[in-house]
Amino acid sequence: MTTIRLPRKATVLLAGLVLAALAGCGSAEKGPAEPLGSKAPAKPAKAVPAAPPGLPGMPPVLDPNDVYAADRPGMLSPVVKDFPSRVYVPNTNSNTVSVIDPATYQVIDTIPVGVQPQHVVPSWDMKTLWVNNNRGHTLTPINPATGEAGKPVEVHDPYNLYFTPNGKYAIVMASMDKELVFRDPHTMDRVKTVPVTCFGVNHADFSADGRYFIVSCEFSGELLKVDTEKMEVVAQQKLPFEGAMPQDVKVSPDGKTFYVADMMAHGVWVLSGDKFETPKLLPTGKGCHGLYISRDSKEMYIPNRGEGTISVFDFPQNKLTKKWELPDGGSPDMGGVSADGKVLWLSGRYNSEVYAIDTVTGKQLARIPVGGGPHGLAVYPQPGRYSLGHTGIFR
């Protein structure tokens, strides 16, 4: 028998391969090897829930259980942290924007803008405030660092304005034109026009992953579901209430539920955005109009414009828990929450005034005279990484 002698290096290599093969082989009947230093069987790794995959280009969701996790007090972006704290109030009947210093509750400036300004909208990058001059067919830019207005941009029928979560497009709610118009978020050049069959598109909010948004149609009492990336309406439904007039739209902190204020049904419609099933009505008060989330994501403030009250919805308890009444009445409409979360600011649509309300006690802190027909006021700056539009929906 002939003996084959291998070089020393080859012998070492072969021995290593044999040991590796033995370590990698195992009997399925014996189960996994025990960890070193323990006689207990190895435990499988615990699955960690991942944030839902977002719209391409959208900033990652901070917390899969709270879409408003970036909106806590003091979490001001470097972009806005040096902006002076102001409340910008569009006066639809006066064609002006009143500027309020929240520290003194005084109007410190009045800015002339276009015809029938409806909302003051923070841009996606939070560097600009856009005034929606609905019947003037323009957007007036305001520099929040200086409070100065720039040259108006021609945009037809800009009742309201939103931005896709990835910042790729602005979306103009062209209410009378019956269109959703996707535009360049900086130049406002038209990119795609989406005709709709409902009347009065006005408010919206996005799903947690940003892949779709729900739109309210005020004058025909309908809701739309729109695919963000495809820029297409994918579903539509009529609200189950004769004469329904849906207004503001907000998604719940966990991203599972959409709420739609209805000023004629006098309450909030509640539905799953994913399923887009027939919603159920939660009665709140006469003329239910706006929806605003508290800084801790636990409550939603619901102004009832027709009776001068604000209902408070508790998310953990899934029910209404409080109702605040404005002394001497009023018409609380649109607005926002202060950066520290302590004050709810609302326009008084039919009273030419603005209300400042303590978010703990519900007490009215101030009632400030402004121009005629104050509507979608913006509190600025606010915490968040980017803006989805309207009077300030931040993520």
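Author: Let us begin with Cys198 and Cys217, which form a disulfide with their sulfur atoms 2.1 Å apart. This is a predicted model, in which local features need pLDDT of at least 70 and side-chain atom pairs count only at pLDDT 80 or more, while totals for chains, interfaces and linings use all residues. Residues are numbered from 1 along each chain as its sequence is written, and side-chain values use heavy atoms, with hydrogens and water left out.

Reader: Why is the pair Cys198 and Cys217 called a disulfide?

Author: A disulfide is a pair of cysteine sulfur atoms within 2.5 Å, and the sulfur atoms of Cys198 and Cys217 are 2.1 Å apart, so the pair meets the definition. A search of the whole structure finds one disulfide.

Reader: What makes the disulfide of Cys198 and Cys217 left-handed?

Author: The torsion about its S-S bond is about -50°, and therefore the disulfide of Cys198 and Cys217 is left-handed. Because Cys198 lies in the loop between strand 12 (190-195) and strand 13 (201-206), and Cys217 in strand 14, the pair ties together parts that are 19 residues apart in sequence. Strands here are DSSP runs (E, at least two residues), numbered from the N terminus.

Reader: Why is Asp157 called buried?

Author: Buried means under 20% relative accessible area, with exposed over 50% and partly exposed in between (1.4 Å probe, protein chains only); Asp157 has 0% relative accessibility, so Asp157 counts as buried. Asp157 lies in the loop between strand 8 (153-154) and strand 9 (160-163), and its side chain reaches the backbone nitrogen of Asp177 at 2.8 Å.

Reader: What makes a group of residues a nonpolar core?

Author: A nonpolar core is a set of buried Ala, Val, Leu, Ile, Met, Phe, Trp, Tyr and Cys residues joined through side-chain atoms within 4.5 Å. The largest one has 26 residues, of which Phe258, Tyr259, Leu291, Met300 and Ile302 touch the most other members. Strand 18 gives the most to this core, with four residues, and a second, separate core of 24 residues includes Met58, Leu180, Val226 and Ile393.

Reader: How do you know which stretch of the model has pLDDT below 50?

Author: The pLDDT is the predictor's confidence in each residue, from 0 to 100. The mean pLDDT of the chain is 90, and 87% of its residues reach 70 or more, but over residues 1-44 the pLDDT is below 50. Where pLDDT is low, the predicted coordinates should not be read in detail.

Technical notes:
Polar contact = N/O pair within 3.5 Å; in protein donor to acceptor, adjacent residues only side chain to side chain. Contact = heavy atoms within 4.5 Å.
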